[in-house]
Amino acid sequence: MIFRQLFDQQSSTYTYLLADGDTREAVLIDPVFEQTRRDAALVDELGLRLLYTIDTHLHADHVTGAWLLKNRTGSQIAISAASGAEGADRYLSHGDSIAFGARQLRVRATPGHTNGCISLVLDDETMAFTGDCLLIRGTGRTDFQNGNPHALFRAVHEQLFSLPENCLLYPAHDYRGLTVTSVAEERRFNPRLGGELCEDDFAVYMTNLGLAHPRQIDVAVPANLKCGVAASDPSLTPQSEWAPLTYTFAGIWEIHPQWLEEHLQSVQIVDVREPDEFDGPLGRIPEAKLISLGSLAKRAAELDKERPVVTVCRAGGRSAQATVMLRQAGFEDVANLAGGMLRWRAEGRVVENGSL
Ligand code: FE
């Protein structure tokens with residue numbers, strides 16, 4: 001099985017990617033709207049087919065990426081029937097299973113943070129995704145969205161603490177950077193409802209938390225009631241339409257050699273290799289301007305900010321760094337030539353001065 005834990009810094013949300021390594025079928029738990037470009041890039045790079053996005057509940061602190069990912073990848077939107085969300089493809093209830101390849105996630109109703117919260121347990125009970133029900137040494141709050149501390153206490157004890165002791169628990173959030181816990185640990189050490197603490201202890205604790213209103217709730221809840229539908233698809237289209245670009249999981253915008261060869265005149269090509277490489281046997285792309293990476297910060301002013309810039313090097317590494325520097329210098333339309341001169345030559349594209 002393929003497993004990745006992804007983090008959104010803004011909302012401290014964890015998104016989980018699970019896939020069957022043989023069939024390449026994948027599911028994504030709790031995707032974040034602003035991170036869909038990243039998530040789609042990872043799915044692409046790992047060669048996966050996203051079957052479902054699954055929201056563990058109707059979030060109040062971030063907008064789900066479910067709808068954007070459906071648009072981009074054709075994935076189905078799944079959320080609990082009790083969430084009240086409209087527009088999902090599949091409404092989940094306690095006891096349902098979601099299959100990806102030979103693997104399955106089983107749905108357990110774990111209400112209390114919201115009345116529609118679910119946890120997802122992997123088929124062999126080695127991992128469970130607890131949403132905002134059980135957090136690492138904590139729990140979700142119970143003071144809005146039909147929260148109920150009594151329901152949450154029972155959900156944790158009956159549905160999560162009943163899992164095998166070594167079952168790993170992955171929450172939807174952590175605000176301290178902790179990543180994973182286990183059933184045994186939380187049973188023993190959870191300061192709100194572990195050890196000998198009883199339901200009434202927990203209810204009093206939760207009623208006296210005195211938490212601030214979540215910052216994003218007025219935006220997030222209405223958007224999530226529609227599974228994250230947005231008027232447009234801002235995070236998936238390139239920042240501008242000057243070329244069909246690909247966004248990589250590394251965070252770099254890439255341009256493909258064929259497009260560049262057909263549009264040599266419409267962009268500024270910056271070759272960031274050293275002068276001896278620029279004049280060397282690999283050759284160079286016609287019209288390319290030599291600005292070695294080491295002098296790019298100083299010489300960026302020689303470039304026109306109004307015209308797109310494509311950066312080039314031998315294999316695409318230094319030129320990726322160059323796109324980052326140019327963006328920092330205020331250039332908006334910048335892309336890295338995927339694969340650099342090596343791929344350009346391997347594809348037999350036009351060169352100047354090459355002798356290979
Ligand atoms: Fe929540």
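**Salt bridges, a metal site and the strands around it**

Glu261, Arg343, Glu347 and Arg349 are tied together in a network of salt bridges, a salt bridge being a side-chain nitrogen of Lys or Arg within 4 Å of a carboxyl oxygen of Asp or Glu. The model is a predicted one, in which local features need pLDDT of at least 70, side-chain atom pairs count only at pLDDT 80 or more, and totals for chains, interfaces and linings use all residues. Residues are numbered from 1 along each chain as its sequence is written, and side-chain values use heavy atoms, with hydrogens and water left out.

The structure holds 21 salt bridges. Another one joins Glu302 to Arg299, where the closest N and O atoms lie 2.8 Å apart. Here Glu302 is partly exposed, with a relative accessible area of 42%, and Arg299 is partly exposed at 28%. Then there is the bridge between Arg273 and Asp271, also with its closest N and O atoms 2.8 Å apart. This time Arg273 is buried, at 1% relative accessibility, and Asp271 is buried with a relative accessible area of 1%.

Arg192 goes without such a partner: it is buried yet has no salt bridge, and the nearest side chain of opposite charge, Asp143, is 8.9 Å away. For charge, Lys and Arg count as positive and Asp and Glu as negative, while His and the chain ends are not counted. Arg192 sits in the loop between α4 (183–189) and α5 (199–207); helices (H or I, at least four residues) and strands (E, at least two) are DSSP runs, numbered from the N terminus. What the Arg192 side chain does have is a polar contact with the side chain of Thr139, at 3.0 Å. A polar contact is a pair of N or O atoms within 3.5 Å; within protein, one must be able to donate a hydrogen and the other to accept it, and residues adjacent in sequence count only if both atoms are side-chain atoms.

On to the metal. His57 (NE2), His113 (NE2) and Asp132 (OD) coordinate the iron ion at 1.9 to 2.4 Å. Donors are N, O and S atoms within 2.8 Å of the metal (3.2 Å for Na, K and Ca), and sites may look incomplete because water is not among the atoms. Along the sequence, the donor residues follow the spacing H-x55-H-x18-D. His57, in the loop between β4 (49–54) and α2 (66–73), and Asp132, in the loop between β10 (127–131) and β11 (134–135), link distant parts of the chain, 75 residues apart. Both His57 and Asp132 are buried.

The strand β4 is itself mostly covered, with five of its six residues buried. Over five bridges, β4 pairs in the parallel sense with β3 (residues 25–29), and Ala26 stands opposite Leu50 in β4; strands pair if DSSP finds at least two bridges between them. Together β3, helix α1 (residues 36–45) and β4 make a right-handed β-α-β unit. A crossover is right-handed if, with the strands pointing away from the viewer, the path from the first strand over the helix to the second runs clockwise. β4 also pairs in the parallel sense with β5 (residues 76–80), over three bridges, and Tyr52 faces Gln76 in β5. From β4 the chain crosses through α2 to β5, and this β-α-β crossover is right-handed.

Terms used: Buried means under 20% relative accessible area, exposed over 50%, partly exposed in between (1.4 Å probe, protein chains only).
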